[in-house]
Amino acid sequence: MAIIGKRLVDQVRSTGLKATVAQRLDDGFTRLTSGLSWNDVRGVLRGDPPGKPNNRVKPHTEAFWFHIRPTFYHEAVTTLYPTFRLGYMSALFFAIEIITGIFLMIFYTPSPERAYQNMLDILTNVPFGQLMRDMHRLGAEVMVVVVTIHMWRTFLTASYKKPRQFTWFTGVILLIVTMFLSFSGYLLPWDQLALWAVTIGTSMADAAPLVGPQVNLLLRGAPDIGAGGLLRFYLFHVVLFPLIGVIFVAVHYYKVVRYGISLPPEMEGVGEDSARKVGPAKRVNFMPDILTNELVYAAIAIALLTIASGTFYNAALETHSNPLVTPNHTVAPWYFYWLQGLIKIPHILPVLPEALSTQFDSIMFNVLGITPKILWGIIIGPVIPLLLMVVPYIDPNPSRRYSDRKVMITLGVIFEVAILYLSLAGIPTGVPVTRFGFVGGDPASEIAQEFMPDEGVGKVKRVPWDQLAVGTWQIVPPDEAPNAPEFNHLLRELQQDMDHRTREADPNGKKLSGGTANVRVKLIQPDVKEFTLTISFTDDKGQPQQYSKTNYLHRNSGYEKE
Amino acid sequence: MNFIKRIITFQPSWTLRIITGMVSVVAFISMCLITGVLDISGAMAERDHEFTGRNIEAGAKYYFDQCARCHGGKGEGVDGLGPALSYDGFLGKWDPAKNTLGQSARLKAIGWTSSLKGYIEAVTAAGMPIKSSPIWENPHPPFALAYGGPLRDDQIKNIATFVVNWGPGQVAPVATQPEGGAGPQPTAAPLTAQQEKGKQVFLGAAGCQACHAIRGVAAGAVGPTMNKLATTAEARIKDAAYKGTAKNALEYIRESIVNPNVFVVAECPTGACIANVMPATFGTSLQPDDLNALIDYLGSLK
């Protein structure tokens, strides 16, 4: 102690107080950056040329975070093409998810009694709560997109080829981890969307041959999702998948550093890999160029994410989960639509004529016990990621040139089109032209579902509360309520929808016949109205039927903003 | 092609890097400030308002599913089944100036020291532990899953929020009030052997009790209540909208059982009754003896 003090006093005596403080601060700064003084860092951020000797190499040997980054890149991979910075962006979003996720964890309890109330508290009582939740949710969706495009880019530039096969393999695992991270987070708000999306997901596991029920039981912790399932999904979401993610990011990135980023295909000879053979003239140093670029990209991405989350993006929160009520038209998260689409394939060999393929289905079922759902959803579905994993090991073509890979690229495009087609088939409206995958109940309940969906905000909830005119209003032909333009517009839209469904049959051949309807609005409390839509129609047997659905609407519930 | 090439080989200049970096950081910080700090009270209070509104909506749904049968659609109570809720004796007087409810006479009478909402939640969840008044045949049943009922805690909280929200819209109670008013119910005449058999058919073979309520006998909540059915039937026949052929109460009851779609009434516990909900098969599925006994029993409810 005394010695340190003495030195300090000596230094102040010889150089003055100001210079001493400056020198000591700079010294501390240099330790923090593992070898760069304040002026060095300033030079990096200004893009000054390196001095001699180049101090900027020091952190690459001294510090952990810099030692995992290379000291230089080949100049051909520092432009937007060929990487588009997608790997970096994936890692960045992973980091954003971890940070916002930790914030949300503080205010969250994985228990069915508390989880939903916690969500309400995060939105109404926690400073930054809604912003963090929106960023976490939007970031997760963007991350799925970025990771998928990253894989696509790698496929198109054939960067998975020797020696990067294993890098690709770990990349597919990271894609799966990303999807499962996102999916496991779905359950945590404990709202209707959560419960039923995850129920669908785990039911898929349930149908798997041999181990299905056991896997389902392990995932859910009970025959149905409840306290056990919520806790398990929480632990998957905050421990297991992030841990697998971190481990595989480490392996993945080690391979990237070890083999370098592959050059654009046209720059190399066939079978050649020159990413690590970079002459001094072609080197771009990590500091300053790569580092500052990355900082700028990170800043832009974070700013855009924050602005989107703070303005137009609102992570959905449906009503409290209810195991007894299945909302109509429940779907899995969008990145699993293709799996839902696969399950909708009606036959094992859908290309055969209807009669033959039905025959074939029953033969397959009697002989192997395989139904189309098991084949497409449970066998083919999981085979797809496995197929992606082995792509580099089975692709016999040594060339990375686009012109030499016409077959592979065509296959890739066909695969992507198929995934998009199946994704469209996965949603209840089905594929636009072919109408494959269409799901619909009887027309009356579909009308009610369209205007008053079980979950989420429909057209009825968007009508300003004051305009919901108390009384009974006919739809065919539409009545006019005084001073309620949006309410009248709603009545007309209802009439048009009924008219449409009367004239045109849906893809299942169902038509609305003899439909009349009325809307009854009742004031049940000074600020609560009861909105009942009653549709009368004639069923297939010519019997009169009635369908009615009720929404309760409070003056302050603010649906028109969503 | 040249344009694409320029994009994919794009390298931001130093000026561009510094400016976009700075702008992004400033945008990020200001967005955080705007959403998280400056707008704190405004946005969060507004969200709070919205979710209270949505909770009341959910409460309304559960109220009409579970409570309205005994407490009435306006909270006015149902004679013989449940007391009124939306009147000042229970909720307390609404004070428009202060926007609050005053002291509840009911809570004072039973010595409940916690909040009104707490009382509603407690009784809805666990039921009434004792028969607190001679007027109501059955004490309030428990509704919480934990006490053997159908509702989760959040649903019960929503219901309580909905009931308390009647504050400014209180109605005059129509039902007998526990604090006074009408005396105990008149005792009905004892049942004959035939009517007793009909009662057993109602509860057993025919399964009527699953959908219909009779005070002190059954509590079905789908179809119309059968209290005073004979009296109601007489009134129905005289109703201008009546489409059937019955001439007296017993014929009306028979017609309603055998051919329920001839005349569908509007008074079901959850709103207007819907055609075809009541099976039209009892005319053939019940033994003629049983059917006659059942009609005799229902006709005795005056």
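**Note on a two-chain model**

1. A:Asn483 sits in the loop that runs between strand E3 (471–474) and helix H20 (485–503) of chain A. Helices (H or I, at least four residues) and strands (E, at least two) are DSSP runs, numbered from the N terminus. The phi of A:Asn483 is positive, near 55°, in a residue other than glycine. A:Asn483 counts as exposed, at 76% relative accessibility; buried means under 20% relative accessible area, exposed over 50%, and partly exposed in between (1.4 Å probe, protein chains only).

2. This is a predicted model, in which local features need pLDDT of at least 70 and side-chain atom pairs count only at pLDDT 80 or more, while totals for chains, interfaces and linings use all residues. Residues are numbered from 1 along each chain as its sequence is written, chains are lettered from A and ligands numbered from 1 in the order in which they are written, and side-chain values use heavy atoms, with hydrogens and water left out.

3. A:Phe128 also deserves a look: its phi is positive, about 70°, although A:Phe128 is not a glycine. This residue is in the loop between helix H7 (115–124) and helix H8 (129–156) of chain A. A:Phe128 is partly exposed, at a relative accessible area of 28%.

4. Cis peptide bonds come next. One joins A:Tyr81 and A:Pro82, with omega about 10°; A:Pro82 lies in the loop between strand E1 (72–74) and helix H6 (86–106) of chain A. Another runs from A:Met287 to A:Pro288, with omega near 10°. A:Pro288 belongs to helix H13 (residues 286–310) of chain A.

5. Between the chains, 46 residues of chain B are in contact with 55 residues of chain A, where contact means heavy atoms within 4.5 Å. The buried area is about 4200 Å², and carbon and sulfur atoms give 59% of it. Buried area here is the accessible area (1.4 Å probe) that two parts lose on being put together, summed over both.

6. One salt bridge is counted between chain B and chain A, the term standing for a side-chain nitrogen of Lys or Arg within 4 Å of a carboxyl oxygen of Asp or Glu. The side chains of B:Arg17 and A:Asp289 form a salt bridge (3.2 Å, N to O). On the chain B side, the elements that give two or more residues to the contact with chain A are helix H1 (2–8), helix H2 (14–38), helix H3 (40–71) and helix H7 (153–164) of chain B. H3(B) gives the most, with 16 residues.

7. Chain B has twelve helices and four strands, and 38% of its 302 residues count as buried. In helix H6 (residues 116–126) of chain B, the buried residues include B:Leu116, B:Tyr119, B:Ile120 and B:Val123. The buried residues of H6(B) pack against helix H4 (88–91), strand E2 (100–101), helix H5 (105–110) and H7 of chain B. After H6(B) comes B:Gly127, with a positive phi near 80°.

8. The structure holds zero disulfides over all chains; a disulfide is a pair of cysteine sulfur atoms within 2.5 Å. For B:Cys67, the nearest cysteine sulfur is that of B:Cys70, 8.8 Å away. B:Cys67 is buried, with a relative accessible area of 11%.
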